[in-house]
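Keep the sequence at hand.

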Amino acid sequence: MGSLTDPGCLPVTEDVAWVRITEGTAVGSARRTAGQLAQRLGFPATRAAEIELAVTEIGTNLHKHARGGAVAIRSIRGATESAVEIVAIDSGPGMADPALAGQDGVSTTGTLGIGLGAVGRLADTHRISSRI
């Protein structure tokens, strides 16, 4: 058997939680759920904390900018590796330039503008897509 990216080994996925981000406290719920999943999958404590930080940034952005936002938290398990997958979905106004939004220092709300950049640095892989 191969890794998660080996085409000969189909990974097993499981939706662990869908957290609707309707208020600020929901961000904490998503963070805790992702951290607990990382621990259950055997991730080191430092990696679980990085996943929690990334989910906090994603959830905070949904809370600030989106309408109808939710975070899906999934486990993906292969023969020798496992992963936590985070998918954020919303019906907000969109981003004109997602690549620009992921650069440090870019903010539409007067913050430091490092949240999406941090997600990119913390994730093994990430992708942002948006339609406006």
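Which residues does Val19 touch, not counting residues up to four places away in sequence? They are Ala26, Ser29, Ala30, Gly69, Ala70, Val71 and Ile73; contact means heavy atoms within 4.5 Å.

This is a predicted model: local features need pLDDT of at least 70, side-chain atom pairs count only at pLDDT 80 or more, and totals for chains, interfaces and linings use all residues. Residues are numbered from 1 along each chain as its sequence is written, and side-chain values use heavy atoms, with hydrogens and water left out.

Start with the layout. The protein has four helices and three strands. Their order from the N terminus is β-α-α-β-β-α-α. Helices (H or I, at least four residues) and strands (E, at least two) are DSSP runs, numbered from the N terminus. The C-alpha trace spans about 45 × 30 × 25 Å along its principal axes. Among contacts between residues at least 6 apart in sequence, 62% join residues at least 24 apart.

Now the interior. Buried residues make up 31% of the 132 residues. Buried means under 20% relative accessible area, exposed over 50%, and partly exposed in between (1.4 Å probe, protein chains only). The largest nonpolar core has 22 residues, of which Val19, Ile21, Ile51, Ile73 and Val84 touch the most other members. Strand E1 (12-20), helix H1 (24-40), helix H2 (45-65), strand E2 (70-77) and helix H4 (115-122) each supply at least two residues of this core. Such a core is a set of buried Ala, Val, Leu, Ile, Met, Phe, Trp, Tyr and Cys residues joined through side-chain atoms within 4.5 Å. In soluble globular proteins, nonpolar side chains tend to be buried together.

Charged pairs come next. The structure holds six salt bridges, each a side-chain nitrogen of Lys or Arg within 4 Å of a carboxyl oxygen of Asp or Glu. One joins Glu50 and Arg47 (2.8 Å, N to O). Both lie in helix H2, three residues apart, about one turn of the helix. Glu50 is partly exposed, at 31% relative accessible area. Arg47 is buried, at 19%.

Another salt bridge pairs Glu85 with Arg74 (3.0 Å, N to O). This pair links distant parts of the chain: Glu85 is in strand E3 and Arg74 in strand E2, eleven residues apart. Glu85 is partly exposed, at 27% relative accessibility. Arg74 is also partly exposed, at 23%.
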